[in-house]
Amino acid sequence: MLQPRTICATAVLLGATLVTAAVPAVATPAAAPAAATVCPTGWGSADKTAPAATSESVRNVRTGRHDCYDRMVVDVPGAARGDLGYSVRYVDRLHQDGSGRHIPVAGGAILEVRVTAPAYDPETGAATYPARAGRVLPGVDLTGYRTFRDARFAGSFEGDTQLGLGVRARLPFRVQQLDGRLVIDVAHNWTGAAAPRR
């Protein structure tokens, strides 16, 4: 014989089950398709230069990956954008200023990056950027980059700092002068199509 408490508990459980079953399932909205990335085009691969100079010193070089391009940033704190002169061009081989020494740079093509800012203190001659000629740039790891293959320090001579940037192939690039930094972007391809996200 069932006790009144057991009958009551069973009735409550049965009622809860019926109420749960009666609630209609609500469909979750489908995720919106990701917007396609539109990459800039028209940069070209011809030499790019700006005639200016600064006595502010190079302090760091860093890189980053983006949907449409790989980026190198040369940090020159205190330099105004109009004072950051540069020459960026494709070369067959990278030769160090002053000595003419060949500096090997890996990749299908080599961009020579010259920034008209010293990597040393002009008054004392002390290095402001801890790089060594011919060596990989300190703190730069290009693992997983689509375009960049190598980044080497060539030296700093008579107020100019010279870098070698190895890229997958001769690809379009742009150079931007900003306050305190020079930005070099190298496109992943010539078509302006972004790579699918992984």
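**View 1. Strand β9, residues 160–167, is mostly covered.** Seven of its eight residues are buried, where buried means under 20% relative accessible area, exposed over 50% and partly exposed in between (1.4 Å probe, protein chains only). Strands are DSSP runs of E, at least two residues, and helices runs of H or I, at least four, numbered from the N terminus. The model is predicted: local features need pLDDT of at least 70, side-chain atom pairs count only at pLDDT 80 or more, and totals for chains, interfaces and linings use all residues. Residues are numbered from 1 along each chain as its sequence is written, and side-chain values use heavy atoms, without hydrogens and water.

**View 2. β9 pairs with β7 and with β8.** Pairing requires at least two DSSP bridges between two strands. Seven bridges join β7 (residues 109–115) to β9, antiparallel. Eight join β8 (residues 148–157) to β9, also antiparallel. Thr161 of β9 stands opposite Val115 and is the bridge partner of Ser156. Two residues separate the strands in the β8–β9 hairpin, where Glu158 takes a positive phi near 50°.

**View 3. Four aromatic pairs occur in the structure.** Rings of Phe, Tyr and Trp (its six-membered ring) pair if their centres lie within 6.5 Å; planes under 30 degrees apart are stacked, over 60 edge-to-face, the rest tilted. Tyr129 and Phe153 are edge-to-face, at 5.9 Å centre to centre and 65° between the planes. This pair links the loop between β7 and β8, which holds Tyr129, to Phe153 in strand β8, 24 residues apart. Tyr145 and Phe148 are stacked, at 5.9 Å and 10°. Both Tyr145 and Phe148 are buried.
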